[in-house]
Every structure is written in C-alpha cells, then in structure tokens.
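Let's take a walk through this structure together. Keep the sequence and the 3D view at hand as you read.

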Amino acid sequence: MPGKPGPRPGRRAAGRGTFPCAFAVDWTAITRQAIRAWRDLQEATELGACAVAALLVDSLTEDTIVERSWKGTGFDYWLAPKGSDETLFQNRARLEVSGILKGNEKDVMKRLAEKMAQADATHASLMKIVVIVEFGSPSSHLEQR
Amino acid sequence: MKRASELHDKAMARIDHALIERARGKSILYQRNLREAFQLEREAALLVARTDLEPSRSVLLRSAAALAIDSGEIEEARKLAARGLQGNPPPEIADELRATLGRAEAELAKFKELYPTVRQFFLNSDDLQHDANRLAQIAFRNAYRELRPASLPAVLEVADRVARKERRARRDRAGMRVASRHPPDPDVSAAQSRRDVDLPEPLHQALADFPDQVRRCFLMRMERLSFRQVARSLRVSVDSAKSLWDEAVLRFSNLAVPGFQDLAAIDEGGEIKSDTTRKPMVGAGHQRG
C-alpha cells in the first residue's frame, strides 16, 4: 500500500490441509485507484481469498474451476478435473472459500471446522473442497472431502 | 443442455458487468445488468427444469431464484425455488433452495401487509388512480431492489418517485403524439394543423411559407408542448427550440398577419400555459434563462 508499511510481495506462506505445501505470495504494484476501488475490506478479503483458492486448487489438485453459479451473496465456484468435457454442473465438485483478513492458526482451524460442520450436517452428497485463506501471516488451509 | 449452458454463461457474464457497475457506484446500470442476468439465468433454468439432470437442474434454479430476489422479482423467486425443490436436488442445494424459498415467502408476506397503504397512495392521486395496482407493484419492486428490507416510509418514498416518473412519461408520450401530427412535409402538416390547431385562417396561410422547423415549432407550441418536448421532437437543443419560437413570433410580427394580435391577447389571458419550463409570450418575445 503506497505510503504505508505492510506485507511485501514475495512473502512465504504456509499451505496446510490435504496437500501441505509452502508458496510465495506475490502481486503487482498497488495503485491508489486500486485502494479506492477496494475500500470494502470484507469484500476485498472474500474475493482475494477466492483468487488464492483458485490458484491453490489449480496447483495442488487434479481439478480446476470450470463453472460458476450465483447464490445472492456472491459466486459459487464449481470444479472439475482438468480437461473434463461435462457441461453445466454435472459431475462437478464444489469449492467453498472463506477469507480472514488478519488472524492466527486457531482462527483458521475454527473457520475450517465451521465449514466442514456445515458440510456434514447436511449429509452432503456433492464432492467438496474447502479453502480458508488468512492474509495476516499469510497462510491457507485446503481440505478435500 | 448446450443452449442452457450458453444462456448460463451469458448470465454469469452479465453479473460480472453488474458487479463492475456497482463498484463504480452506477446503481442503475448495476440493476439493469442484474435484471438481464436474471432473465438469462431463468431461461437456462427452465430449459433444464424439464429434465432430471441433477445437480445442474437444482443449481440453475437456485441461481435463478437468487437473482430473482436480487432483482426484486420476489414472486418469481418463490416459484423458481419451489420448482427446484420438486426435483431430486442434492441435500445441500435443497437446503439453499429452502432458504431462498423462505426468504421469498417472508418478503411476500411483508408485501401483502404494506400493499394496501402503498396502493392507497396512488389511489389518492386523481391522475394515477386508474393505474394504482401497477404503480404500487413497481414501487415495491424498486424499493426492494434499492433497500432491503424495505420499510413502509421507504416504500412510500420510492412510490413518490414512481409517481413523478409516471407523470413525466405520460407528458412525454402526449408530446410525441402531438409532434407526430406535425411532420416535416409542409402539405401534410398544413392540412393536419388546420384540423388540429385552432388558429385564424390567415395564420395558417402565413405558416405555410415559414421554414419547416419554425412552422413545426410554432404549431407544437400552440398545442401546448413545452420547449423541452418541442426540442426532443425536432431533435434540436432546448435553446434552439426557443430560437425557432422567437423566429416564428418575429415573422408574424413583421408580416402583421391579421389574427396574430388576437392570439397574443389569448396568450396574455393565460390560455397557452401548459409548459413546465416557460410560458410562450406571443408577440412579446421571451426572456432567456
């Protein structure tokens, strides 16, 4: 952020969960226009988490985002094996993403437990990948179910 | 499925546009894009709704129902969510459909509670009472899009805006009808103006020799169109319309056409004053500003 100290590009991040890993978080220069456009930090956190989750899923799993649907508060992302030729939502897995602006490992695990509990409570039949992204450390947790 | 997939892709692209417009603070464009997304997603969902292709069927119906709520189409949201539940949706999508259905039903209950008051608002207007039902529904839909949850004072505030917009639209439509009676063809225009515009015959004769735009401007003003309506009809600026009017008045004055002074007297008596922007000042010119 121009004029303010903050995380620098290239910061190492821990990736936990089904596919433990470490990765570098990098980004292009942030302009004042970008800062003005993303003043809503909740929205910025959610969409930033979606972007990180999309990259993680693509790098760590056989799947990639192939479809979207609308759920009122935002998009619902759907995954399929790379190269899949199914249409719409047939044989897709669902991507559940949650972002935390600044937290610790405990916050990440609590958010993950909430997401996984939701999934279990409904006796879910759809395949699902849950990704929690925390921007303070930064760190992430990807769980495949 | 291919057609449904294409429609769905277009709907999602429309949402992208809507979100960009929202980030720019353009709420009208945001809502327009969202409504278009809803129409496309609804069409896609209804194509797949006839099949038993799960989860595509229920996901599309849930997505269309969510867009219906965002677009203020609450009754449509209820129908789409209910239809989604009629199939065999995966449990988590069924939960989301039930949540959407519950939300739509709660909004419809609120609509039923507030509707009589909002309808009465329009029934109290002499000029809008015949359209009270339609306008009350528009007010609710707009209020829901703009502010959720919508309280009665908020809906009445929106209803007031709807009433003003409806009156403006009616004035414009009336203006276009009058303008269509004064086409550019001088022969047709002259014949029609003799029939429709009550002027002394010497004025009609003199008008036949006026430049087309000047003649049409004068006749439209005689039919009580505002300068803004005349300008829109002639595809000129409001200032140009005022200049055309000035020219017509000047020509009549120079020609000393019999009957023109009587027309001025009529005007001074307040006969020609429908204009919302200014009153025509026949024979005396008018002040700009």
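Start with the side chain of A:His141, which makes a polar contact with the side chain of A:Glu143 at 2.9 Å. A polar contact here is a pair of N or O atoms within 3.5 Å; within protein, one must be able to donate a hydrogen and the other to accept it, and residues adjacent in sequence count only if both atoms are side-chain atoms. You'll find A:His141 in strand β7 of chain A, residues 139-144. Is A:His141 buried or exposed? A:His141 is buried, at a relative accessible area of 6%, where buried means under 20%, exposed means over 50% and partly exposed is in between (1.4 Å probe, protein chains only). Leaving aside residues up to four places away in sequence, A:His141 touches several others, including A:Arg16, A:Val108, A:Leu112 and A:Ile132; a contact means heavy atoms within 4.5 Å.

A quick word on the ground rules: this is a predicted model, in which local features need pLDDT of at least 70 and side-chain atom pairs count only at pLDDT 80 or more, while totals for chains, interfaces and linings use all residues. Residues are numbered from 1 along each chain as its sequence is written, chains are lettered from A and ligands numbered from 1 in the order in which they are written, and side-chain values use heavy atoms, with hydrogens and water left out.

Now zoom out to the whole of chain A. Chain A has 3 helices and 7 strands, running along the sequence as β-β-α-α-β-β-β-α-β-β. Helices (H or I, at least four residues) and strands (E, at least two) are DSSP runs, numbered from the N terminus. Of the 145 residues in chain A, 36% are buried.

Next, see where the two chains meet. Chain B brings 29 residues to the contact and chain A brings 20. Together they bury about 2000 Å², with 58% of that on carbon and sulfur atoms; buried area is the accessible area (1.4 Å probe) that two parts lose on being put together, summed over both.

A:Glu43 pairs with B:Arg22, their closest N and O atoms 3.6 Å apart. A:Arg68 and B:Asp16 also form a salt bridge, at 2.9 Å from N to O. That pair goes from strand β3 of chain A (residues 63-70) to helix α1 of chain B. B:Asp16 is partly exposed, at 27% relative accessibility. A network of salt bridges links A:Lys71, A:Asp76, A:Arg94, B:Arg62 and B:Glu96.

Finish inside chain B. B:Arg167 and B:Asp127 meet in a salt bridge at 2.6 Å, N to O. B:Arg167 sits in helix α7 (residues 152-180) and B:Asp127 in the loop between α5 and α6, so the pair ties together parts 40 residues apart in sequence. B:Asp131 and B:Arg170 form a salt bridge as well, with their closest N and O atoms 3.5 Å apart. Here B:Asp131 is in the loop between α5 and α6 and B:Arg170 in helix α7, so this pair ties together parts 39 residues apart in sequence.

Conventions
Salt bridge = Lys/Arg side-chain N within 4 Å of Asp/Glu carboxyl O.
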